[in-house]
Amino acid sequence: MKLSSYDRIKLDSTDDQNFYQMPRYVNHLSPSFRRKLTKLYSDYLCSHYVVLDLMSSWISHLPNNITYKKVIGHGMNESELNSNNRLDSYWIQDLNKNQNIPMEDCSVDACLIVAGWQYLQYPEKVSLELSRVTKTQSLLIISFTN
(Lines give C-alpha, C1' and ligand atoms only; values in the text may rest on other atoms or scores of the structure.)
Protein backbone atom coordinates (compact mmCIF):
# COMPACT_ATOMS: atom_id res chain seq x y z
CA MET A 1 0.00 0.00 0.00
CA LYS A 2 1.36 3.38 -0.94
CA LEU A 3 0.60 6.34 1.33
CA SER A 4 -1.10 9.29 -0.31
CA SER A 5 -0.48 12.94 0.55
CA TYR A 6 -3.69 12.79 2.59
CA ASP A 7 -2.39 9.77 4.55
CA ARG A 8 0.68 11.78 5.58
CA ILE A 9 -1.28 14.69 7.10
CA LYS A 10 -0.92 14.96 10.88
CA LEU A 11 -3.89 15.80 13.10
CA ASP A 12 -1.70 18.45 14.71
CA SER A 13 -0.20 20.45 11.85
CA THR A 14 2.17 22.47 14.04
CA ASP A 15 5.90 21.86 13.80
CA ASP A 16 6.92 18.75 15.79
CA GLN A 17 9.72 20.80 17.40
CA ASN A 18 7.03 22.73 19.29
CA PHE A 19 5.71 19.54 20.90
CA TYR A 20 9.17 18.23 21.80
CA GLN A 21 10.54 21.54 23.05
CA MET A 22 9.72 20.68 26.67
CA PRO A 23 10.91 17.36 28.10
CA ARG A 24 8.23 14.87 29.08
CA TYR A 25 9.49 12.58 31.79
CA VAL A 26 6.59 10.16 31.64
CA ASN A 27 6.22 6.48 30.84
CA HIS A 28 4.24 5.97 27.66
CA LEU A 29 3.92 2.22 28.21
CA SER A 30 2.39 0.14 30.98
CA PRO A 31 4.72 -1.53 33.49
CA SER A 32 3.81 -5.00 32.18
CA PHE A 33 4.55 -4.04 28.57
CA ARG A 34 7.88 -2.49 29.61
CA ARG A 35 8.84 -5.74 31.39
CA LYS A 36 7.90 -7.81 28.31
CA LEU A 37 9.89 -5.50 26.05
CA THR A 38 12.97 -5.71 28.29
CA LYS A 39 12.64 -9.52 28.30
CA LEU A 40 12.39 -9.53 24.49
CA TYR A 41 15.55 -7.43 24.24
CA SER A 42 17.30 -9.69 26.72
CA ASP A 43 16.43 -12.71 24.58
CA TYR A 44 17.48 -11.25 21.21
CA LEU A 45 20.20 -8.63 21.71
CA CYS A 46 23.79 -9.75 22.23
CA SER A 47 26.34 -7.82 24.26
CA HIS A 48 28.62 -7.37 21.23
CA TYR A 49 25.89 -5.47 19.35
CA VAL A 50 25.85 -1.84 18.31
CA VAL A 51 22.26 -0.87 19.08
CA LEU A 52 20.39 2.05 17.54
CA ASP A 53 17.55 3.26 19.75
CA LEU A 54 15.59 5.29 17.20
CA MET A 55 12.94 7.70 18.48
CA SER A 56 14.26 7.27 22.01
CA SER A 57 13.57 9.31 25.13
CA TRP A 58 14.65 9.62 28.77
CA ILE A 59 14.12 5.97 29.60
CA SER A 60 15.57 2.82 28.10
CA HIS A 61 13.89 -0.56 27.90
CA LEU A 62 17.21 -2.36 27.51
CA PRO A 63 18.03 -4.88 30.25
CA ASN A 64 20.21 -3.41 32.98
CA ASN A 65 22.34 -6.54 33.31
CA ILE A 66 23.73 -6.40 29.76
CA THR A 67 26.34 -3.93 28.54
CA TYR A 68 26.27 -3.53 24.76
CA LYS A 69 29.18 -2.58 22.55
CA LYS A 70 27.48 0.75 21.89
CA VAL A 71 23.98 2.21 22.24
CA ILE A 72 23.22 5.14 19.96
CA GLY A 73 20.08 7.15 20.57
CA HIS A 74 17.99 9.39 18.41
CA GLY A 75 15.16 11.63 19.50
CA MET A 76 13.64 15.08 19.53
CA ASN A 77 14.40 16.39 23.03
CA GLU A 78 18.01 16.80 24.16
CA SER A 79 17.18 16.91 27.87
CA GLU A 80 15.35 13.58 27.66
CA LEU A 81 18.12 11.92 25.66
CA ASN A 82 20.77 13.30 28.01
CA SER A 83 18.87 11.71 30.91
CA ASN A 84 18.91 8.27 29.29
CA ASN A 85 21.88 6.62 31.01
CA ARG A 86 21.97 3.70 28.54
CA LEU A 87 22.90 5.89 25.58
CA ASP A 88 26.59 6.20 24.70
CA SER A 89 25.79 8.91 22.17
CA TYR A 90 22.74 10.50 20.59
CA TRP A 91 21.56 13.01 18.02
CA ILE A 92 18.49 15.19 17.59
CA GLN A 93 16.57 15.01 14.32
CA ASP A 94 12.98 15.39 13.12
CA LEU A 95 12.48 12.34 10.92
CA ASN A 96 9.32 13.85 9.47
CA LYS A 97 11.43 16.65 7.97
CA ASN A 98 14.63 14.78 7.17
CA GLN A 99 14.68 11.00 6.84
CA ASN A 100 18.44 10.70 6.20
CA ILE A 101 20.05 8.94 9.14
CA PRO A 102 23.56 10.33 9.79
CA MET A 103 25.27 6.98 10.22
CA GLU A 104 27.62 4.85 8.14
CA ASP A 105 26.33 1.98 6.03
CA CYS A 106 26.09 -1.39 7.80
CA SER A 107 27.13 0.06 11.17
CA VAL A 108 24.27 -1.21 13.37
CA ASP A 109 23.50 -4.72 14.63
CA ALA A 110 20.03 -3.97 15.96
CA CYS A 111 17.61 -1.08 15.66
CA LEU A 112 14.85 -0.53 18.21
CA ILE A 113 11.81 1.70 17.83
CA VAL A 114 9.46 1.93 20.79
CA ALA A 115 6.04 3.57 20.40
CA GLY A 116 7.20 5.84 17.60
CA TRP A 117 6.75 4.23 14.18
CA GLN A 118 3.12 5.32 13.95
CA TYR A 119 4.16 9.00 14.10
CA LEU A 120 6.33 8.85 10.99
CA GLN A 121 4.92 10.61 7.94
CA TYR A 122 7.45 8.93 5.63
CA PRO A 123 7.95 5.46 7.14
CA GLU A 124 9.05 3.97 3.82
CA LYS A 125 11.94 6.46 3.57
CA VAL A 126 12.96 5.78 7.17
CA SER A 127 12.83 2.02 6.55
CA LEU A 128 15.12 2.42 3.54
CA GLU A 129 17.59 4.32 5.69
CA LEU A 130 17.38 1.66 8.39
CA SER A 131 18.11 -1.03 5.81
CA ARG A 132 21.17 1.00 4.78
CA VAL A 133 22.63 1.49 8.28
CA THR A 134 21.88 -1.97 9.65
CA LYS A 135 24.06 -4.95 8.86
CA THR A 136 22.81 -7.87 6.79
CA GLN A 137 20.86 -10.31 8.96
CA SER A 138 20.48 -7.67 11.67
CA LEU A 139 17.43 -6.99 13.81
CA LEU A 140 14.75 -4.32 13.60
CA ILE A 141 12.35 -4.46 16.53
CA ILE A 142 9.37 -2.11 16.30
CA SER A 143 7.07 -2.16 19.32
CA PHE A 144 3.90 -0.35 20.27
CA THR A 145 0.78 -0.93 22.30
CA ASN A 146 -2.85 -0.17 21.70
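Helices here are DSSP runs (H or I) of at least four residues, numbered from the N terminus. With that in hand, welcome to a few close-ups of a predicted model.

View 1. Helix α2 spans residues 31-44. With 14 residues, α2 reaches 20 Å from its first C-alpha to its last, close to the 20 Å expected at 1.5 Å a residue. D43 is partly exposed, at 48% relative accessible area.

View 2. Look for F33, L37 and Y41, which are buried in α2. They sit on the same side of α2 because they cover an arc of only 75° around the axis. Among the elements covering the buried residues of α2 are β4 and β5 (134-143). Turn to the other side of α2 and you will find R35 and K36 exposed.

**View 3. Y41 in the largest nonpolar core.** This core has 17 residues, and those with the most contacts inside it are Y41, L45, L62, Y68 and L112. Two or more of its residues come from each of α2 and β4 (108-114). Beyond its neighbours within four places in sequence, Y41 contacts H61, L62, P63, Y68, L112, V114, I141 and S143. Another core lies apart from this one, with 15 residues that include W91, L95, C111 and L130.

**View 4. H61, a buried loop residue.** H61 belongs to the loop between β1 (50-54) and β2 (70-75). Its relative accessible area is 12%; buried means under 20%, so H61 counts as buried. Setting aside residues up to four places away in sequence, H61 touches L29, R34, L37, T38, Y41 and V114.

View 5. The side chains of D105 and R132 meet in a salt bridge at 2.6 Å, N to O. This pair links distant parts of the chain, 27 residues apart: D105 is in the loop between β3 (89-92) and β4, while R132 is in helix α4 (residues 123-133). R132 also forms a salt bridge with E129, at 2.9 Å from N to O. R132 and E129 are three residues apart in helix α4, about one turn of the helix. E129 is buried, at 12% relative accessibility. Shared partners join D105, E129 and R132 into one network. R132 itself is partly exposed, with a relative accessible area of 25%.

Definitions and conventions. Residues are numbered from 1 along each chain as its sequence is written. This is a predicted model: local features need pLDDT of at least 70, side-chain atom pairs count only at pLDDT 80 or more; totals for chains, interfaces and linings use all residues. Side-chain values use heavy atoms; hydrogens and water are left out. A nonpolar core is a set of buried Ala, Val, Leu, Ile, Met, Phe, Trp, Tyr and Cys residues joined through side-chain atoms within 4.5 Å. Buried means under 20% relative accessible area, exposed over 50%, partly exposed in between (1.4 Å probe, protein chains only). Contact means heavy atoms within 4.5 Å. The expected span of a helix is 1.5 Å times one less than its number of residues. The arc is that of the directions from the helix axis to the C-beta atoms. A salt bridge is a side-chain nitrogen of Lys or Arg within 4 Å of a carboxyl oxygen of Asp or Glu.
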